[in-house]
Amino acid sequence: MIWNRQYECMEREEMRKLQGERLSAMVRRVWNTVPFYRRRLEELGIQPGDIRSIDDLSKLPFTTKQDLRDNYPFGLFTVPQEGIVRLHASSGTTGKPTVVGYTKQDIAMWSEVVARSLTMAGITASDIIQVAYGYGLFTGGLGLHYGAEAVGASVIPISGGNTKKQLQLMVDFGSTALACTPSYAAFLGEAIMEEKIAPGDIRLKAGIFGAEPWTEGMRSEVERLLGLKAFDIYGLSEVIGPGVSMECSCQSGMHIFEDHFIPEIVNPDTGEVLPYGELGELVFTPATKEAMPLIRYRTRDLTRLHAERCECGRTLVRMDKCVGRSDDMLIIRGVNVFPSQVESVLLEMSETRPHYLLTVDREHNLDTLEVQVEVEEAFFSDEVRELEGLRKKIQSAIASMLGLTAAVRLVEPGTIERSMGKARRVIDNRKS
Ligand code: DLL
C-alpha cells in the first residue's frame, strides 16, 4: 500500500540527515541563482557553507507572501524561462497574484507526493476518481489530476461546478473517489438527496477533501451525505499545491512529506521555533523544488506538529487539522474567533445543515457578530416555538465556546450562497 516506503518509513535521525543535505544544497543553489536570497543572506552575514545540517535551519531568514509579491512575477525563479514548464498563481484578495513556477522535475515530484497522498486514502489503479477541484491557475485540479494518473487511477477531469453533470457522471461512470473542497462535497451530497438518487447508485468510497479549513463535524456530515470515508489533504501553491500533507487511514493528523517540505512551527509574533505539540504558525522549506524553492515560508496556517510514529507505520511528522489562518482570525470585541470554532458548534446539532455565514459589523463603536445557519427543511416547517428553542440553544453554545454573544439567524435550506471551490464563510463589514 505504501507508495514510497524508503522516505515514508525512514528513521527520524536518517530523515533529519537527509533534510540537512537537501537544505544545504538548496541554500547554495538560491545563493547562486536568486539575487533576492543572496542579498537576504548577505545582510545576515550567512554564507552557504554555514548551513551544514538541519540544526542550522533556524539561522535562516523567513520568506513571506510579501516577498513573493515584491518579486512578482518571476523574481524568485532559480532557472531561466526555458526550464519552466508550468505556471500557477493564487488569486489573493488584494493586489497581485502570487506566482509559482515548476520545472519538469517539479511536476514529477508533485505528482509523486499527490500519488502518495491518494495511496494513503486507499486509492489504487482500480479506482475512478472524479476531480472536482477547479482546473486552471488554482493548483487543486491539475495537482490531483497528475497524482491520480501516477497511481494509475482513471481520472474524470470534471473541474468544479456543473453540479448536475457531476451527479450524472458519478452515477454513470461509477466514481469511487471524489476530490473537491469539503464545502462543495457537502453541496454535492445534498444535491444527491434532492435529485433522489438511490444510495446504491453512488459507489464513492473515499473523499479527498481540502483547500479550506473544515471540522470533524463537517467530516461526519459529508461522510453521512456521500456514504464515503473523508480524508483531509493539505497544501498551498507557494510550497507546491495539494499534497504537502495527507491523512492516512488512522486519521490522526496529516503526514507531511518532509523529505521534500521541511516543517517548523513558530510563534507567529516572535518567529521563535516552538517544540512539537505546541500551537503556532506552520513554516515550510520546500528544499527539493527546482524552479522556486523557498526558505522558511510563513504559511500563516495555525496548527501543531507531532513526531511519534503512526500506527500505519509511517514515521513522517503529522500536523493537526488547521485551526485556520492567522489572517482569517476575527477579533470581535477583543475576542479571537476562528470561523472553524463556530462551525464545530453548529455542526454538533443535528438540526443544522453544513452551510453557514458569519457577518461581522460595527454598530455604535461596538462589534457585532451574526451567525446565519441553514436548518433542515422538516425542522423549518415545525412550530415557531421549536425554532426559537434551537436558536437559543445555538446562541448559548456559541457563547460558551467563544465567550461572546452572537445574533443567530436560522435560514431555510439553500439560502446561503454555495461555492464550487473554497467557501466564503465570513463577511466583515468593518473593513469596508
Ligand atoms: O488550496 C492547495 C490545495 C488544493 C490543497 C486542493 C488541498 C486540496 P492555495 O489556494 O494556495 O492552495 O491555498 C492554500 O488553503 O495555506 C490553507 O490556509 C488552506 N488549506 C489548504 N488545504 C487545507 C486543509 C490550495 N486541508 C491555503 N485544511 C493554505 C485547512 C487548508 N486549510
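Guide: Arg298 is buried, because its relative accessible area is 14% and the cut-off for buried is under 20%. The model is a predicted one. Arg298 sits in strand β12, which covers residues 297-303. Its side chain has a polar partner: the side chain of Glu281, at 2.8 Å. Glu281 is also one of the residues that Arg298 touches, once those up to four places away in sequence are set aside. The list includes Phe62, Thr63 and Thr64. It also includes Val266, Asn267, Pro268 and Gly271. Leu282 and Val283 are on it too.

Arg300 takes part in another polar contact, side chain to side chain, with Asp327 at 3.1 Å. Asp327 belongs to the loop between β15 (324-325) and β16 (330-332). Its relative accessible area is 37%, so Asp327 counts as partly exposed. Phe338 lies eleven residues from Asp327 along the chain, and their C-alpha atoms are 9.8 Å apart.

Now the sheet. Nine strands form an open sheet with mixed pairing. Their order is β4-β3-β5-β6-β7-β8-β9-β14-β13. The edges are β4 (154-156) and β13 (305-306). Each has a single partner strand, so one side of each has no neighbour in the sheet. Further in, β5 (residues 177-180) pairs with β6 (residues 206-210). The sense is parallel, over four bridges. Within this pair, Ala177 stands opposite Ala206 of β6.

Helix α5 packs on this sheet. It touches β3 (128-131), β6, β7 (229-236), β8 (241-247) and β9 (254-256). The direction of α5 makes about 30° with that of β8. How well does the span of α5 agree with 1.5 Å a residue? The helix has 17 residues, 104-120, and should span 24 Å. Its end C-alpha atoms are 25 Å apart, which agrees. Of those 17 residues, 13 are buried, so α5 is largely enclosed by the rest of the structure. Just after the helix, Gly122 takes a positive phi of about 85°.

Next, the aromatic rings. The structure holds seven aromatic pairs. One of them joins Tyr184 and Phe187, with ring centres 5.8 Å apart. Their planes are 55° from each other, and the pair is tilted. Why tilted? The label edge-to-face needs planes over 60 degrees apart, and stacked needs them under 30, so the rest count as tilted. Tyr184 and Phe187 both belong to helix α8 (residues 182-194). They are three residues apart, about one turn of the helix. Both Tyr184 and Phe187 are buried.

Gln47 lies in the loop between α3 (35-43) and α4 (65-70). At 46% relative accessibility, Gln47 is partly exposed. Gly161 is 114 residues from Gln47 along the chain. The C-alpha atoms of Gln47 and Gly161 are separated by 50 Å.

Definitions and conventions: Residues numbered from 1 in each chain as written. Predicted model: local features only at pLDDT ≥ 70, side-chain atom pairs only at ≥ 80, totals over all residues. Heavy atoms only, no water. Helix = DSSP H or I, 4+ residues; strand = E, 2+ residues; numbered from the N terminus. Expected span 1.5 Å × (residues − 1). Buried < 20%, exposed > 50% of the residue type's maximum accessible area, 1.4 Å probe, protein only. Pairing = 2+ DSSP bridges. Contact = heavy atoms within 4.5 Å. Axes fitted to C-alpha atoms, helices over the stretch in contact; angles between N-to-C directions. Polar contact = N/O pair within 3.5 Å; in protein donor to acceptor, adjacent residues only side chain to side chain. Phe/Tyr/Trp six-rings, centres within 6.5 Å; stacked < 30°, edge-to-face > 60°.
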